[in-house]
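Hello,

Here is the structure I promised to pass on to you. Have a look at it first, and then read my notes below.

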Amino acid sequence: MTERVEWDALPAEFRSAVEARTGPVIASASVTSGFNCTLALDVRTRNSGRLFLKGVRLSDDAGMAGLLCEERVNSVVGGIGATVRYRVEAAGWLALAFIHIDGRHVDYSPGTGDLGAVTRTMQRMQHLRTPAAPVPQLSDRFAGHLRPGEADMLHGTHLLHTDTNPHNILISNHDGHAYLVDWAMPALGPAWVDAAYTATWLMAFGQTPEDALAWLSDIPSWQLADRASVETFVKVTCRHWTARMGEKDAAGSNAEFRHLLDTPRPRAIRRT
C-alpha cells in the first residue's frame with residue numbers, strides 16, 4: 001500500500017508555505033487512490049476554495065520524476081486534465097495544488113453510461129499540443145523488449161497519458177465531462193494508443209472484446225491506425241508484461257491486448 005501523509009503530519013514549514021498561497025487550510029482528507037505520490041490530499045482552503053494537493057519528498061527520485069512530468073505537461077492538457085494552480089517547495093517536499101474536480105471514478109463495467117464522455121475526451125486528446133519540455137517516446141519504456149525496427153513503428157508526435165485505468169478518469173458531477181488526471185507517465189507516440197489502452201481496460205472490467213472494439217471504432221485515430229504499428233504495440237506490450245509478471249500472471253492482460261488485433265483492417269492506411 002502506498003504511504004500517505006496527513007496534513008497535520010507534514011512539516012510546519014511546508015504547511016505554512018502552502019497556506020501562504022492558498023490561505024488557511026480549514027479541512028483536509030487523504031485520497032487513497034493512486035500509487036506515485038506520498039501526499040494526496042483533498043483540502044478546503046479559506047481563500048482558494050477546494051484543491052487537490054499532490055506531493056512527494058524531494059528525496060523520492062521516482063515520485064519527483066512523476067510529479068515534474070505532471071508539471072511539465074500541465075499547460076497543454078487544460079480542460080482534459082486538472083489545472084495546476086500553485087507549486088510549493090519547502091522543508092524537503094514538493095507539491096502541486098490542482099483545481100479540484102468534483103467527480104467520481106469512471107465506470108468501465110458492462111452497461112455503463114460513462115463511455116460517451118470518455119469517447120469525447122479521447123477525441124479531444126487527438127488535438128493536444130506537444131509540450132515544449134522534453135517528453136519521452138512511448139518506445140523508450142519498452143527498452144529491452146524491442147526488436148529491430150519496432151521502435152520506429154511506435155514513434156509518434158502525439159502526447160499520450162498511457163495509464164487510463166479507472167482511478168485516473170473522473171466523471172464530473174457538474175457537467176458530466178471525463179477528466180484524465182495523473183499525468184505522471186506521459187509519452188509521445190501514435191494518437192490511437194490511449195484509446196487502445198482504454199479498450200483493454202474495458203475488457204478487464206467485464207466488457208466483451210466485441211463491445212470494447214465497437215467502442216474503439218468511434219475513435220478517428222484508431223480508424224486510421226496502421227496495422228503494422230498496432231501489431232508492434234501489441235507484441236511489445238505482451239513481451240513487457242510477460243517479462244515483468246511471468247507468463248501465467250500476464251496471460252489475462254496479454255489476451256486483452258491481442259484482441260486489439262481482431263479489428264478488421266480493410267485497407268492499408270497511413271500511420272498516425
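**What turned up around N74**

A polar atom of the N74 side chain sits 2.9 Å from the backbone nitrogen of V84. That falls under the polar contact rule: a pair of N or O atoms within 3.5 Å, where within protein one must be able to donate a hydrogen and the other to accept it, and residues adjacent in sequence count only if both atoms are side-chain atoms.

Before going further, please keep in mind that this is a predicted model, in which local features need pLDDT of at least 70 and side-chain atom pairs count only at pLDDT 80 or more, while totals for chains, interfaces and linings use all residues. Residues are numbered from 1 along each chain as its sequence is written, and side-chain values use heavy atoms, with hydrogens and water left out.

N74 belongs to the loop between α2 (61–73) and β4 (84–90); helices (H or I, at least four residues) and strands (E, at least two) are DSSP runs numbered from the N terminus. With a relative accessibility of 11%, N74 is buried (buried is under 20% relative accessible area, exposed over 50%, partly exposed in between, with a 1.4 Å probe and protein chains only). Apart from neighbours within four places in sequence, N74 has contacts (heavy atoms within 4.5 Å) with A82, T83, V84 and F98.

**Aromatic pairs**

Rings of Phe, Tyr and Trp (its six-membered ring) pair if their centres lie within 6.5 Å; planes under 30 degrees apart count as stacked, over 60 as edge-to-face and the rest as tilted. The count by this rule is nine aromatic pairs. In one of them, F52 and F98 have ring centres 6.2 Å apart and planes at 35°, so this pair is tilted. Because F52 is in strand β3 (residues 49–57) and F98 in strand β5 (residues 93–99), the pair ties together parts 46 residues apart in sequence. F52 is partly exposed at 23% relative accessibility, whereas F98 is buried at 5%.

W192 and F233 form an edge-to-face pair, because their ring centres are 5.5 Å apart and their planes stand at 85°. W192 is in the loop between β10 (187–189) and α5 (193–204) and F233 in helix α8 (residues 227–245), so parts 41 residues apart in sequence are tied together. Both W192 and F233 are buried. Ring pairs also join W192, Y197, W222, F233 and F257 into a cluster.

**One more spot**

G116 is part of helix α3 (residues 115–125) and is partly exposed at 33%.

Best wishes
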